[in-house]
Amino acid sequence: MSRPFPYAYISCPCADTPVPDPARKRRSKETSHKTNPEDPNVPVPEDYDFEDERTFDPRSPRSNFSLYPPEQLLYCEDCHQIKCPRCITEEIVCWFCPNCLFETPSSMVRSEGNRCARNCFNCPICTAPLAVTTLENVTGGGSQQGPWVLSCGYCMWTTLDIGVKFDKPTNIRTQLSKMTDSSRGRQMSKTFSDLKSPLSTYSSIDDQFPSPNEIRGDEASPINEQLSGPLNPEARFQALKGFYKSQIASTSSSPNDPLADFGAGFSSPGALNRIMSLYTSSSRLGSLYGGTSKKPKSKPPVMREALTASEGLRVPAPDAENALIRRMASDDCGWDGMASLEQRTFQSPDARFVEDLLPLPVLLRTKRSKRCKSCKHILVKPEFKPQSTRFRIRLIALSYIPLPTLKPLVPSPFAGLPSTTPTTAPNLDSLSPLRTVQFLLTLKNHMFDPVRVTLATPSVTPGRVASKVTILCPQFDIGANSDVWDEALQGSAAPGDARASRSGTLGSTEKVAEAGKVWDKGRNWTTVVLEVVPGSLPGGGGVTRRGRMKQHDDGSNDDDDNDDSDADSDANANALDWSGQTKDPNQRLQPDEDVLEIPVFVRMEWDSENQIDQEQSVGKGQNSDTVKRELAYWMVLGVGRISSEMGF
Amino acid sequence: MPPKVAKGEYIETDTGNKISRRSQIHGTQHIILGGKTVIQGEAVIRGDLYRTSTSSSASGDQTGQQPATATPSVAITIGRYSYISKQAVLRPPSRLHRGVHSFYPLKIGDHVFVGERAVVEAASVGNHVHVGKDAVIGSMAILKDFAYVLDGAVVAPGMVVPSWCVVGGAPARIVGEVGEGYGVEGAEGGMARERYRLVGR
């Protein structure tokens, strides 16, 4: 897993419920030709009941999509539900450049693209940010004049490598865009408005269609080439886009033409519907004759392709490819002179060599507000300014659900415990199998109401590596997150002690974990002990494991059952071998199968005060000042990695 | 059994800084610690690399007296509850300015974690910043509040990492964002007090 042990992930319940997204709605609309699509929320409860029966398996492929670190989760106060990044929608609050942290108005983003328009560039070689530096090292205090370049502090690339210098250190973006045209032998910088020849607006093909002779003349004559000039890629794209737009508009202009519909939504899925309606209407009305009689009259005009440079056509020189190959093969290019695929993805499609690479204006980033997908309430609303880290609204799950932290319990050597227990902190990256480890699970309440928590965990973890888990005190209360001073004023010595015991390193030395008792308790947190017997890995001899398991728990029926079910799940795991290493699934350990993850079902109950959500209680018709609430979810505790050695 | 760390490993100052005796701190008079900062063993803090181009005399006061001149001689400022792990190196950033190579102050905010063997030459590191182990923060880089540098990342010189952004790789790029709950006390990014408490016990 991505985090160091021990960690705690929380499963968003949305993984079990179908997400009511608009795409799904549309699909259901299309498949069932009904006017009212079925409400996607209807089947939810049934699914839920079904899912409730199961134990959450942290190793199932679906779990990947529902487990989140606690700080990434939000909480919707109206749905009373945890919200993960999949069950929210986002709205952009502002755009800003991550380098200069200046905001870009969204209108400018729309017109100019989402790149920084100032001096922020990324190195085309290594993507590190470029700095504006002067070429002249003026040692005195004189004003820094002279040419400026962009230089990379990481790979030492400068714009001098592509022969670009700047006259002033500001407005590099505009300087560069002017220069890229001129520096590549393009005499005039052209914007789209410049290139718009009056021809391109003509709607009729015949007006625009040049005779074949003309075309040939265009290509051949160098004078014409110079006049119209090859465009830079952006302008060419704009020209092509404008050209095809006009083509679509012109070909569908005649009102009788059934293809007229295409003009608006040529690329929209609605076009299909219109075609279908075309067929159905013609057959139903029986206007077959009418249709045929109309057809020769209004022959749909043919769309043509771009023919001139002003329309965006670019005819490469006849030997362009050969020249490229020759250049690649030449000694002064070599491998280092070629642009890598990764570098080329951000450049114009013609860039083949390192010399063709241009500095990349920094992509903008956004600040986003977040809404609940089902009830549309705002969950997160950051402040508008890009530099601010404050939020106007921030409903994070951590203010509602208890924050879980897991720590190994290290009994002190003086406690007179049996010699088998380790006296140092267990190495979580290699837990020895079949040796009991105790953990302290602390749940810290951030709500202003006391919470009653019930924890449940399968006594044997799902999967092939069956570890036994016992929560010594599965039901307990956590105090309210009241005034911090209450704790501080209770006594000067007490908090330090409490913290020490919570952290699990020291604390009261004689303390031994007892079943049914909480380990420790503070103002708004409670610690319970979790006893874990890591299972042995399949490669490390299953027979001994079986024997030992039997030894370990000599006999209650419950445990035997678990062992049996464990065997069943073993068989399942063998049948379903996803790793592709099918040689001997019994011997081979699948990736991360040795990671000991414990699914824990958390159910919390609390009486929420009416002041928090008054309208809710009124809606429920309750007259008491408190509303009983409950919330249940799965969480996964990543305890450690089981080593293959027994380690005795 | 591995021997326990000797009891006197950390020196605790009046303001609660816990400084390992095995750390290498140069130029202490140019370093300001905000209090409750942890500096672990073999960490290197180069307070001796302060700006010398001006004639202003270095102030010999450790407790944060800012000289009235335009160029303060403070080389490194570290806020509260920050944590400098083992073998981390803090160096003030430097730059060639008008032909003169000069150092600039390194400012580190509160609740900052600097991982093992990390090298920090940033111009400023905001609050609640996490610098992973083996990471390198290039000269004059700026890490804004709640920035998160992954282990082994190389933040290029002069790079700006915006708030809430996760950067990784060499050279570092923005690869994601931390959740909204990042930095909440006790959760990921809010463990600074807990970390401080555990030191030297």
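1. Two strands count as paired if DSSP finds at least two bridges between them. In this predicted model, strand E6 (residues 44-46) and strand E9 (residues 89-90) of chain B pair in the parallel sense over two bridges. Ile45(B) has Leu90(B), in E9(B), as its bridge partner.

2. That pair belongs to an open sheet of six strands in chain B, ordered E3-E6-E9-E14-E17-E20, with parallel pairing. The edges are strand E3 (24-26) and strand E20 (154-155) of chain B; each has a single partner strand, so one side of each is left without a neighbour in the sheet.

3. Chain A has an open sheet of five strands with antiparallel pairing, in the order E6-E5-E11-E12-E13. Its edges are strand E6 (103-104) and strand E13 (391-394) of chain A, each with a single partner strand, so one side of each lacks a neighbour in the sheet. Strand E12 (residues 378-382) of chain A pairs with E13(A) in the antiparallel sense over three bridges. Within E13(A), Phe391(A) is the residue opposite Pro382(A).

4. On the interface: 35 residues of chain A are in contact with 29 residues of chain B. On the side of chain B that touches chain A, the elements giving two or more residues are strand E23 (173-177) and helix H1 (192-198) of chain B. By class, this side of chain B has 14 nonpolar, eight polar and seven charged residues.

5. The largest nonpolar core has 83 residues, and those with the most contacts inside it are Ile137(B), Leu143(B), Val149(B) and Val155(B). Domain 2 (74-119 + 363-395) and domain 3 (121-181 + 318-361) of chain A both contribute residues to this core, so it lies between them. A second, separate core has 64 residues, including Leu74(A), Cys84(A), Leu441(A) and Trp525(A).

6. Which residues does Leu143(B) touch, not counting those up to four places away in sequence? They are Ala122(B), Val125(B), Gly126(B), Val129(B), Ile137(B), Val149(B) and Val161(B). Of these, Ile137(B) and Val149(B) are also listed among the residues with the most contacts inside the largest core.

7. On confidence: chain A has a mean pLDDT of 70, with 59% of its residues at 70 or more. Over residues 183-228 of chain A, pLDDT stays under 50, and the model has 50 contacts beyond four places in sequence for this stretch. Residues 414-422 of chain A also stay under 50, with six contacts beyond four places in sequence. Where pLDDT is low, predicted coordinates should not be read in detail.

Conventions:
Residues are numbered from 1 along each chain as its sequence is written. Chains are lettered from A and ligands numbered from 1 in the order in which they are written. This is a predicted model: local features need pLDDT of at least 70, side-chain atom pairs count only at pLDDT 80 or more; totals for chains, interfaces and linings use all residues. Helices (H or I, at least four residues) and strands (E, at least two) are DSSP runs, numbered from the N terminus. pLDDT is the predictor's confidence in each residue, from 0 to 100. Two residues are in contact if their C-beta atoms, placed from the backbone, lie within 7 Å. Ala, Val, Leu, Ile, Met, Phe, Trp, Tyr, Cys and Pro count as nonpolar, Asp, Glu, Lys and Arg as charged, and the others, Gly among them, as polar. A nonpolar core is a set of buried Ala, Val, Leu, Ile, Met, Phe, Trp, Tyr and Cys residues joined through C-beta atoms within 7 Å. A residue is buried if 20 or more other C-beta atoms lie within 10 Å of its own, exposed if 12 or fewer, and partly exposed in between; C-beta atoms are placed from the backbone. Domain bounds come from an automatic or database domain assignment.
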